[in-house]
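Subject: Structure handover

Hello,

Here is the structure I promised to pass on. Please open it alongside this email; my notes follow below.

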Amino acid sequence: MSKEKFAKLRENIGQDSVTAILLEKLRGEADRHLNEAVCQYEIPDGIRLLETSKRIQRRVAALAMAYNIFGDEKYAQAFKRQLLKWVIQTDIPKSWNGPGSAWRTIECGLRLLGSWQIAFDGFRRSPSLDDVTLLLMISSMHRQTTHLINNPTGGNWLMMENTLPLTGPDSMER
């Protein structure tokens, strides 16, 4: 979402009851995520990680949207805590495409296409995310991208694996 669209949303807070209701729902969701533990890549139904992936996507998107609309650093700080804990605790296991692995190629593709792009774009100008944090995120995105390039699978997973990050020189501006 562009800076202009976020500015328009901020302008409309309080002017439009539907917008106000939706924005308060967003604020409530983001506030619930402030102190949550880092999501673990687990198989809640014993079959697949889809629900865990969706939960993480929603969490990151809510924090990034709330930060960009309301401008409160608490959302950026919550994302930073989540990101750093995830980067520190997550390394490529020997069984990287095994059940429950955060490094399954489909998980990397979903992360890089969705929540990490939203987060990078949404938080990169936050004073709460210092250069070291941003570099750790970019480094992790690079590792995941390299992992995808080196380990393509096939079928419908290949579609997600080919959603490599779109970050480039233009998006690296502070």
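pLDDT is the predictor's confidence in each residue, from 0 to 100. You will need that score here, as this is a predicted model.

Confidence first. The protein chain averages a pLDDT of 81. A score of at least 70 is reached by 87% of the residues. Take care with residues 167-174, where pLDDT stays under 50. For that stretch the model has 16 contacts beyond four places in sequence. Where pLDDT is low, the predicted coordinates should not be read in detail.

Next, a helix pair. Two packed helices are described by the angle between their axes and the distance between the axes. Helix α2 covers residues 17-33, and helix α3 covers residues 50-70. They pack at an angle of about 120°, and their axes are 9 Å apart. The two helices, α2 and α3, are therefore oblique to each other. Their crossing is left-handed.

Which residues of α2 and α3 make the contact? From α2 come L23, L26, R27, E29, A30 and H33. From α3 come R58, R59, A62, L63, M65, A66, I69 and F70. The residues of this contact divide into nine nonpolar, one polar and four charged.

Last, a single residue. R111 lies in helix α5, residues 105-113. Is R111 buried or exposed? R111 counts as buried, because its relative accessibility is 3% and buried means under 20%. R111 and M160 are 49 residues apart in sequence. In space, they are 9.5 Å apart, C-alpha to C-alpha.

Best wishes

Methods:
Residues are numbered from 1 along each chain as its sequence is written. This is a predicted model: local features need pLDDT of at least 70, side-chain atom pairs count only at pLDDT 80 or more; totals for chains, interfaces and linings use all residues. Side-chain values use heavy atoms; hydrogens and water are left out. Axes are lines fitted to C-alpha atoms, for helices over the stretch in contact, and angles run from 0 to 180 degrees between N-to-C directions. Helices (H or I, at least four residues) and strands (E, at least two) are DSSP runs, numbered from the N terminus. Angles under 35 degrees count as roughly parallel, over 145 as roughly antiparallel, 65 to 115 as roughly perpendicular and the rest as oblique. A crossing is left-handed if the near helix is turned anticlockwise from the far one by less than a right angle, and right-handed if clockwise. Contact means heavy atoms within 4.5 Å. Ala, Val, Leu, Ile, Met, Phe, Trp, Tyr, Cys and Pro count as nonpolar, Asp, Glu, Lys and Arg as charged, and the others, Gly among them, as polar. Buried means under 20% relative accessible area, exposed over 50%, partly exposed in between (1.4 Å probe, protein chains only).
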